[in-house]
Amino acid sequence: MEILVIDGQGGGLGKAIVAAMKSHFPGVTVNAVGTNSIATQQMLRSGADHAATGENPVIVLSRSADIIIGPIGICIADSMYGEVTPEMARAVGSARARRILVPVNICGNIVVGIHDTSLSAMIDGVIEAAEAAMKA
């Protein structure tokens, strides 16, 4: 089982997701890709097995991932203040992996019907969705 976590900006969400994945699924490979070096460093510090930065790693690792996790912006070209390129969004969107998207209502992408939820509650939801995806 190979999990890919993608994050940008300051990497706080990705850091929390990587730590939760490693804690709940210790035998699973967690790869992390930051859209910038700060996000990559944060996820690597939180226990990612491998980490890289930028467009090409997103494209390459999306091909082999079983589950891709990140903020909803990883599927939207030019989101996260332009950190997600159209090629990155296409790679994530067309990957065979199950996508677990966290509805972070920033950067111009608003998901209606979603109430403000704490980061810890969203991470709990990610864990539940990952467990279900691993059983599927």
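Tutor: Start with a pair of charged side chains. In this predicted model, lysine 22 forms a salt bridge with aspartate 49. The closest N and O atoms are 2.8 Å apart.

Student: Why is the contact of lysine 22 with aspartate 49 called a salt bridge?

Tutor: The rule asks for a side-chain nitrogen of Lys or Arg within 4 Å of a carboxyl oxygen of Asp or Glu. Lysine 22 and aspartate 49 have their closest N and O atoms 2.8 Å apart. That is within 4 Å, so the label holds.

Student: What does the pair tie together?

Tutor: Lysine 22 lies in helix H1, residues 12-24. Aspartate 49 lies in the loop between helix H2 (37-45) and E3. The pair therefore ties together parts that are 27 residues apart in sequence.

Student: Why is aspartate 49 called partly exposed?

Tutor: Buried means under 20% relative accessible area, and exposed means over 50%. Aspartate 49 has 34%. That value falls in between, so aspartate 49 is partly exposed.

Student: How many salt bridges are there by this rule?

Tutor: The count comes to two. Aspartate 66 and arginine 96 also meet in a salt bridge, at 3.4 Å from N to O. This pair links distant parts of the chain, 30 residues apart. Aspartate 66 is in the loop between H3 and E4. Arginine 96 is in the loop between helix H5 (86-94) and E5.

Student: Are aspartate 66 and arginine 96 buried, partly exposed or exposed?

Tutor: Take each value against the cut-offs. Aspartate 66 has 25% relative accessibility, so it counts as partly exposed. Arginine 96 has 56%, which is over 50%, so arginine 96 counts as exposed.

Student: Now the sheet. What is the order of its strands?

Tutor: The order is E3-E2-E1-E4-E5, with parallel pairing. It is an open sheet of five strands.

Student: What makes E3 and E5 edge strands?

Tutor: Strand E3 (50-53) and strand E5 (98-102) each have a single partner strand. One side of each is therefore left without a neighbour in the sheet. On average, neighbouring strands of this sheet are turned by 20° against each other, direction ignored.

Student: How do you know that E4 pairs with E1 and with E5?

Tutor: Two strands pair if there are at least two bridges between them. Five bridges join E4 (residues 67-71) to E5. Proline 71 stands opposite valine 102 in E5. Three bridges join E1 to E4. Isoleucine 3 has isoleucine 67 in E4 as its bridge partner.

Student: Why is E4 called largely enclosed?

Tutor: Five of the five residues of E4 are buried, so the rest of the structure largely encloses it.

Student: Which helices lie across E4?

Tutor: Helix H3 (residues 55-64) lies across E1, E2, E3 and E4, and runs at about 150° to E1. Helix H6 (residues 119-135) lies across E1, E4 and E5, and runs at about 170° to E5.

Student: How do you know that isoleucine 17 is buried?

Tutor: Isoleucine 17 has 1% relative accessibility. The cut-off for buried is under 20%, so isoleucine 17 counts as buried. Isoleucine 17 lies in helix H1. Beyond its neighbours within four places in sequence, isoleucine 17 is in contact with Val5, Ile69, Val102, Ile123 and Val126. Isoleucine 17 and valine 126 are 109 residues apart in sequence, with their C-alpha atoms 7.7 Å apart.

Student: Is serine 79 buried or exposed?

Tutor: Serine 79 is buried, with a relative accessible area of 2%. It is found in helix H4, residues 79-82. Leaving aside neighbours within four places, serine 79 is in contact with Gly73, Ile74, Val84 and Asn109.

Student: Last, what agrees with a compact globule?

Tutor: The radius of gyration does. With 136 residues, a compact globule would have a value near 14 Å, and the protein has 13 Å, which agrees. The C-alpha trace spans about 35 × 35 × 30 Å along its principal axes. Of the 136 residues, 43% count as buried.

Notes: Residues numbered from 1 in each chain as written. Predicted model: local features only at pLDDT ≥ 70, side-chain atom pairs only at ≥ 80, totals over all residues. Heavy atoms only, no water. Helix = DSSP H or I, 4+ residues; strand = E, 2+ residues; numbered from the N terminus. Axes fitted to C-alpha atoms, helices over the stretch in contact; angles between N-to-C directions. Contact = heavy atoms within 4.5 Å. Rg over C-alpha atoms; globule rule 2.2 N^0.38 Å. Buried < 20%, exposed > 50% of the residue type's maximum accessible area, 1.4 Å probe, protein only.
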